[in-house]
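Have the viewer open while you read.

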Amino acid sequence: MFEILGNLVAYQWLGLAPGSRSGDAVQFFVMDVTKIFTLLVIVVYGMGLLRALLSPERVRDYVRGKPKSLARALAILLGAVTPFCSCSSVPLFIGFVEAGIPLGVTFSFLIASPMINEVAAVVLLGVLGWKLTLLYILAGMAVAWIGGMVMEWFRPERWVEDYVWKIHMGETRMPELPRTLAERHRYALHEVREIVGRIWRWVLAGIAVGAVFHGFVPESWVAEHLSGDDWYSVPLAVLLGIPLYSNATGVIPIAEAMLAKGVALGTVLALMMSIAALSLPEMLILRKVIRWPALMRYAAVLAVAFTLVGWGFNVVS
Amino acid sequence: MKEIKVLGSGCANCRTTMRLIEEVAREKGVPVNILKVDDIAEIMAHGVMSTPGVVIDGKVVHAGGVPAREKISEWLEA
């Protein structure tokens, strides 16, 4: 359906030749814009209906006091579906610490939340198919699980800022969450407006870059410079992703275009994970609660994990 | 006069929330006193982990994300 629309706009209305550079770029752009935005609205709405029943405060209540493996599993699952603005990282971290939730579990949550976000997952689904999506999600969960465990071995308590331990969290009753279907519908609609309103520029920019890449970068150039078959291209992709900051959604069209040109899958996924979950601004925010030695280890653990996942995918595919 | 606190560490969403409340209050002609709270200890003392949060006359009415315009209207009418 979206392909037909792309063909219609690019080749019939604009009269561009199929197979020409600008024709292919425009066709890709129209097709992806309609496809991704349609999916985005559907998914954000659906998740909104579910999310109306969840909040980080509730996650904290579910996770606290559970045996560690169960706590970690819950933290990762809930991290995957619970949204939080990166500016909430600090109160979230403190709230978990205050509830006596082990730091390793908190790290698992902090990793899972940006890496596996449903917007990215479903757009991934529309663009790359369900197998890769599932693999991406499983890889994200594995990284969150193992990453949190490795962080625990470093005994990061040493580097938590002193004031964090002293903060006492009030037990103020949270506002009632919406319960009726009508209220949840209202909440979901609000989510759609809010989220799509916030990220549409990123997504458009991503699609535009993807379209240019798709139309104008010749495959032979990609094969020579970006094919990602060399062992070092995966760690390189991870490094490249650190200063780049975007939510995963904006990266997907770029990833799609790279894949279509034959860049190795693991390399593309490594780049995606690094851009989504390993970002400098996020580190600077977390610096308010933990000191550099812990942050450096956190970044290193993630970088190593993404590299391993990337290599793994390159070997499998 | 309603005493409204917006809890948040100064991210874009928190600023948007403040602006929205100001706007709605002006439209409805409700006198409000809006305070921005960015001290993390005070935010947590309200039991809020997800910012922005909104506290009206000492009661947490909202946490996590920018509140909807209609919601704000309801708070101001109450």
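**Confidence**

First things first: this is a predicted model. It scores ipTM 0.77 and pTM 0.79. Chain B has a mean pLDDT of 87, with 100% of its residues at 70 or more.

**Where the chains meet**

On the chain A side, 22 residues are in contact with 23 residues of chain B. Three elements of chain A give two or more residues to that side: α3 (56–63), α5 (89–98) and α10 (181–216). Of these, α5(A) gives the most, with five residues. Sorted by class, the side of chain A that touches chain B has 12 nonpolar, six polar and four charged residues.

**The sheet in chain B**

Chain B has an open sheet of four strands, in the order β2-β1-β3-β4, with mixed pairing. The edges are β2(B) (32–37) and β4(B) (59–63), each of which pairs on one side only. From one strand to the next, the twist averages 20 degrees.

As background, strands of a sheet pair through backbone hydrogen bonds, either parallel or antiparallel. Here are the pairings, strand by strand.

| Strand pair | Sense | Bridges |
|---|---|---|
| β1(B) and β2(B) | parallel | six |
| β1(B) and β3(B) | antiparallel | four |
| β3(B) and β4(B) | antiparallel | four |

Val6(B) stands opposite Lys36(B) in β2(B). Ile4(B) has Ile56(B) in β3(B) as its bridge partner. For Gly53(B), the bridge partner is Ala63(B) in β4(B).

The β3(B) and β4(B) strands also form a hairpin, with two residues between them. In that turn, Asp57(B) has a positive phi of about 45 degrees.

Now over to chain A. Two packed helices are described by the angle between their axes and the distance between the axes.

Take α12(A), residues 233–241, and α16(A), residues 292–316: their axes come within 9 Å and cross at roughly 135 degrees. That value makes α12(A) oblique to α16(A). The crossing is right-handed. From α12(A), the contact uses Val234(A), Pro235(A), Ala237(A) and Val238(A), while α16(A) brings Ala303(A), Phe306(A), Thr307(A), Gly310(A), Trp311(A) and Asn314(A). By class, the residues of this contact are seven nonpolar, three polar and no charged.

The other partner is α14(A), residues 265–277, which packs with α16(A) at an angle of about 155 degrees, the axes being 7 Å apart. Why do α14(A) and α16(A) count as roughly antiparallel? Angles over 145 degrees are put in that class, so α14(A) and α16(A) are roughly antiparallel to each other. Again, α14(A) passes α16(A) in a right-handed crossing.

The α14(A) side of this contact includes Leu265(A), Leu269(A), Ala270(A), Met273(A) and Ala277(A). Facing them, α16(A) supplies residues including Leu302(A), Phe306(A), Val309(A), Trp311(A) and Phe313(A).

Phe306(A) turns up in the contact with α12(A) and in the contact with α14(A). Trp311(A) likewise belongs to the α12(A) contact and to the α14(A) contact.

Most residues other than glycine have a negative phi, and most peptide bonds are trans. Two spots are worth a look with that in mind.

Which peptide bond in chain B is cis? The one from Thr51(B) to Pro52(B), with omega near -10 degrees. Pro52(B) lies in the loop between α2 and β3 of chain B.

In chain A, Arg155(A) has a phi near 50 degrees, a positive value in a residue other than glycine. You'll find Arg155(A) in the loop between α8(A) (130–153) and α9(A) (162–166).

Definitions and conventions:
Residues numbered from 1 in each chain as written. Chains lettered and ligands numbered in written order. Predicted model: local features only at pLDDT ≥ 70, side-chain atom pairs only at ≥ 80, totals over all residues. Axes fitted to C-alpha atoms, helices over the stretch in contact; angles between N-to-C directions. Parallel < 35°, antiparallel > 145°, perpendicular 65-115°, else oblique. Left-handed = near helix turned anticlockwise from the far one by under 90°. Contact = placed C-beta atoms within 7 Å. Nonpolar A, V, L, I, M, F, W, Y, C, P; charged D, E, K, R; others polar. Pairing = 2+ DSSP bridges. pLDDT = per-residue confidence, 0-100.
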